[in-house]
Each structure stands twice: as structure tokens, then as C-alpha cells.
Amino acid sequence: MIPLEFAITFLIVLAGSLVRFYLSPFWNRLLLCLVLFAMVEAISQSGFGELEVILYGLFVLLVSYSFSMYGALASVILMAALTYVKGGLGVYPMAVLVFAGVSGLLFHQQKQRKLASDGVWLMQLYKQSRHLSILKEISIAIQSTMEVGKLLHIILTAITAGYGLGFNRALLFLVDDKGSNLQGAVGIGSMTKEQGISTWNNVVSRRMNLGDFIALMEDAQFRDIDLIKLLRDIEIPLNSGNHIFHQALTEKKPIIVRELDWSDTVQRQLAETFQMTSFAIVPMLNQGNMVGVIVVDNNVNHQPLEMEEIDSIVPLAAQASVAIENSRLYERSQRMSITDGLTGLYNQRFYQDKLQELAQQSERNDSPLSLMIADIDFFKHYNDTNGHLEGNNTLIGVAKIIANTVSGPHFPCRFGGEEFVALLPGATQEATLAIAEKIRSAVEQHPFHNREAQPSGKLTICIGVAFYRAGMSVQQLQDLADSALYEAKRNGKNRVIVHEEGAIRP
Amino acid sequence: MNSMIASGCLLGLFLIGLFFSKAGYKLILNLSSSKKMLRLGYKLEDVKFSFDRMVYTVSLPTNQPDIMQAKKEQFLAAEEFGSMIYPQLSGIRVLLNAGHGNTQLIAYLPIEQFRLPLLDQLLLDGKIKAELYRQICACILILPSTKNEMIGEVYKQIHNKRFS
């Protein structure tokens, strides 16, 4: 038959071993020590002699391990008092208790030290590993595009996404072409904490990581319209005053603003426009040249900004700066490859490709397509009279008139010499004729330099017009427009002639 | 004699309690977290999460044949606890069982980095405290379904061909 006190203690040990996990760490430790105390007391009632001291020592060991110095002192005093009450405190029991107390204390300290050091280096390694993987994802993603918009999206996504560096909001300002102003470009982030958490919830539901997110090309668009609208209205002169952006770019290092300086125009503007209270600025530099700045803040969770975290943006900003510069160069060279250097209109290469493409489109959709070929009358005479430099100015002037008249979905091109062409997809015959007539009239009335010296007393232009019909080749279309142009020349110049259904009409 | 046996049983029960601390912790964590979430008006299953903050100890995409050719069943999610007597979940490690008792660490997710939008909202609204946040996170992390999903995620990332 098991004694009652054992049965009760049995239940206490059983319940205590489980209930302690319901409690906070402190009460968990305390309950386990109390359970052990109850057990030790129950066992010691049976009179185990010297074993009792060992059990007391076990209790002291656990309490010292659980509660450090205070636990060691309290438990040694308690158990010494109990031993004294029960039969006198000798050297041996006291030595056991002190030994257990010191051992428990040492175990506790060693455990704490290990936890602390493990925690620190593990977290450091974790952070570095995460930053490296973000940087790797970004490097690969950046190489996948030459579009500035997509690049900016990738960079800001990496900075703001939870699966990236996890800042709540990032704004990007780029130095304009003249290098005199910082212009608000794009931003990602929410204006309120509710928006922020809702966005995060959506992203988490989709179970995507940074790489997956970037890989989704169709998602690569900025959604925070309100934020971007506010941002694009901001233009900050670089050379006026000593503001925080200027400081970050000249010192070439990130700056954390923890308390706003209202005398700084930029800080005031950021605070008033975006309700920023604390933020960081990371300069974007490429070979020492200013490219822009990135501004980050935590407006949703209000996590304090630490330089360690901000430092992780620096390599991203450096990569982004190079990529943006490359992308701008690429866009510029692409633009140059289809632009006529003198007039700024599309060049012949573009014209030929576009004509082919539009003819196919017209054939497929049964939609109208018109072609105009224009030629300046007596241009050789104009050149001979006024010189080639003035001739070039006249070409630029005519090109401007054509470009201003042929707009929207239409394509004005320079064909070569004093010849221009215009492709007008979707324009009706009436609309095409109206445009052609407007160009002719505008050229005739334009005060070109020394136009009085021309044979007709003014500078004029002839325009031949043709319309695409199903089954027609592009060469046929060009020939029709060309013959209409020659017809205009033969009929006294300064006129528009249309080649329509095999007939030519003025 | 009876007292001797009873004392032995008592001591044995206490030691078993200590030895199975982790099991007790997990059991109570689950019961307690479910109850607290229900009190807040949510079920544990309602909580959305992702493993976006998991770090990989291997380069992704990897071409290491041992990892690439490993079957999904060879991956296991191991819980990491700070202490044996007072267990607190500190993270989950995803290991690859390479056979012959050899395991290779593939990925790691510390509990501090397992952030959940719903809990963040409750924390910001002052409806829960940081301690409960951590407790619910730990509970979700040790659910077998979560660990399976974590293994699935690691397997997916290893076989992701987006850069190839």
C-alpha cells in the first residue's frame, strides 16, 4: 500500500511537470523547483539517512541552475536550516549543499554565456547570410533587364519586401540629366500601418520569396499610386543650401535622421509630405558621380533604424547606381539608333521596320494605313543660295512642322536629304489629307531665312499620299506615294497629291 | 519497503518529466496557443505565414548532386531548443539526411524571423504582448503541417530553375 503523502506528491509531480509549461519562464522555473522540493520532502520522510543529503543537494543544484546567485543562496540556507532542524547540521551535509550550490551556479553561468555568445554569432551569421542571398538575387535580377523602370522596381522591392531587407517604405530620388536637381522618381510603401499590414498579408498568402517575386515580370509595377504621385511632385535643387540629401551625397555615406531638423528644407518636406519622423538616407553613387538617393523609414512598425541595417542597403545602392547608369546609356543608344541626328525625327531604319510592321497589322486587322512622302521644293537652290548650314536649319524647321502636325500614334521620319515621310496608321483618307495640307500650308507660311530668294518667292513643299490596300506590298505602297509626289512636282510644286485606287487626284 | 518503492517511483516520475520536457512543452504550447487564439477570435489555421526569411546554408540555385538528387523524404525539419530542462523553441533547421547517420544543414529559420502579419496587427493593436506573439509563432512552427510545408519550400527552392 502506497502511503497517502506519496500519492499526493505523485500527483503534484505529475501535474507540476505539465502545468509549468503554461506559465511564463520565471514561474515555470519556480514551479519545477517547488515540485522537486515536495518530492525531496516526501522521500526524506521515509528516513533515507545520508541519501537525504544527496536529495537536498539535488534541490540546491536545480534552484541554483534555475535562479543563479539568489537561487543558490536561498536554497542553501533553506536546506541547511531544514537539515539543522531535523538533526543537526554537520560539516558533510553543509559541504554537499555548498558544492551543489556552486555547481548549479557554474552550470547556470556557463549556460547563459553559451546562450549569449551563440545567440550573437548565430544572429550575425544569419543576417550576413540573408543579406548575401538578397544581394545575389538582386544581382541576377538586375542583369535580366535594361529598363530603368523595372530596375528601380527590383531595387525598391528588395529594400521594402519582408523577404528582402524589410524596411516599411523606400523612396528613390534620381539626379536629373543636368545634374542640378534631385527628382522624386518612384517609391514603394504604404502611407498607413493598415495599408502596410494588408499588403504584407497579401504577399504572405502568396508564399513567395524575393526571387519568385522578382521573377514575376507582370507584377513588376508600382502599386502605391498615392505615394508616387506625392513623390513625383518633389524636386530638390542640389546646389542650393546645405540640406540632408546634399550632405549624404557629398560625404558619400548613409545618414540616419532620428530627430527632425525643421530648418533643413528637405527634412521638413519629407516630414510634411510623407509624415516621416525618423528616416535614413543612402546615397547612390557611380564612380564618384551622384546618381540619386534612397530614403527608407519604418512608418508601419516603427522599428528604430540602426546603421547595421542601413549598411545592408549600401551594396544594393551601389549595384543599382551602376545598373541605372548602364540602363540610361542603353536607352540613349537605342534612341539614337532610330533617330535622325539632325532633325530628331525617326530615321530611315526605323521607317522601313515600322512600315513593314504597320502594313502587316493593317492587313491583319483590315485597318487603314496612310503614307506621306514630302520633298522640299527647289532645295538645291536654297542650299546654293544660303549655304549648307542654313539648309540644315531649314531641314530642322520643316522637321519641327511635320513633328508638330503628325503626332499621337503617327510616325514622322526623315527619309534622307530633303525628303520626309510620315506613317499614319488608323488615319482615314480625309484625316490624312487634312494633315498633309496642314503641313504644306505651315511650311509655306513659315518665315524661313531668306525664303524670298526661292524661285517662287517662298519655301514650299510637295507631298505625295498613298493608302494601303489589302494584298499590297510595302514597295507598292511606297511607289504609289512616290509617283504622287512626282506628280505634285510636275504640277507646279507646293501641293498635295493623292494616289487613290489607281488614279491620281490633287 | 513500500516507501522505498514509492520513493523510487516518485524520483523516476520526476526524471521522466525532465527527460520529456520538450514533449510536455510542445503539448502544452499547442493547447495553450489554440485556446488563446480562439479567445482572440481566430484559429491557428487562420494564421497566414511564409518562410521568406529562411536562410539557406547552400548556394541557391545549387548544382551539388547530393542535394539536387535527394528525394523529398530525405529532408527533415528539426526543432532547436535553448535548454533541455526549460525548453523554448529557438528555430527550425531543415536537414538533409545523407544516410549512415550523416545529416547536412540546408536551411534555418530562427523564431525571431518568423513574423506573421496577423500577429503583427494584433501586437500593434495592443491585443497581444510580445511573449504571446512568440508563443503562437513557436506553436505554429512546431506543427507537423508547418514543418512539412517548410520541407516542401526548401525542396522547391533547391529545384527552382529560374536562373538556369
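Visitor: What should helix α13 of chain A span at 1.5 Å a residue, and how far apart are its end C-alpha atoms?
Guide: Bear in mind that this is a predicted model. Helix α13(A) runs over residues 348-365, and its 18 residues should span 26 Å at 1.5 Å a residue; the end C-alpha atoms are 25 Å apart, which agrees.

Visitor: Which residues of α13(A) are buried?
Guide: Tyr351(A), Leu355(A), Leu358(A), Ala359(A) and Ser362(A). Viewed down the helix axis, they fall within an arc of 110 degrees, so they line one face of α13(A).

Visitor: Why would residues some places apart point the same way?
Guide: An α-helix has 3.6 residues a turn, so those three or four places apart point the same way.

Visitor: What follows α13(A)?
Guide: Asp366(A), with a positive phi near 55 degrees.

Visitor: Other end of the chain now. How do the axes of α1(A) and α2(A) cross?
Guide: Helix α1(A), residues 4-19, and helix α2(A), residues 25-44, have axes that come within 9 Å and cross at roughly 165 degrees. The two are therefore roughly antiparallel.

Visitor: Left-handed or right-handed crossing?
Guide: Left-handed.

Visitor: Which residues meet there?
Guide: From α1(A), they include Phe6(A), Ile12(A) and Val13(A); those they meet in α2(A) include Leu31(A), Leu32(A), Val35(A) and Met39(A).

Key:
Residues numbered from 1 in each chain as written. Chains lettered and ligands numbered in written order. Predicted model: local features only at pLDDT ≥ 70, side-chain atom pairs only at ≥ 80, totals over all residues. Helix = DSSP H or I, 4+ residues; strand = E, 2+ residues; numbered from the N terminus. Expected span 1.5 Å × (residues − 1). Buried ≥ 20, exposed ≤ 12 C-beta atoms within 10 Å, placed from the backbone. Arc of directions from axis to C-beta. Axes fitted to C-alpha atoms, helices over the stretch in contact; angles between N-to-C directions. Parallel < 35°, antiparallel > 145°, perpendicular 65-115°, else oblique. Left-handed = near helix turned anticlockwise from the far one by under 90°. Contact = placed C-beta atoms within 7 Å.
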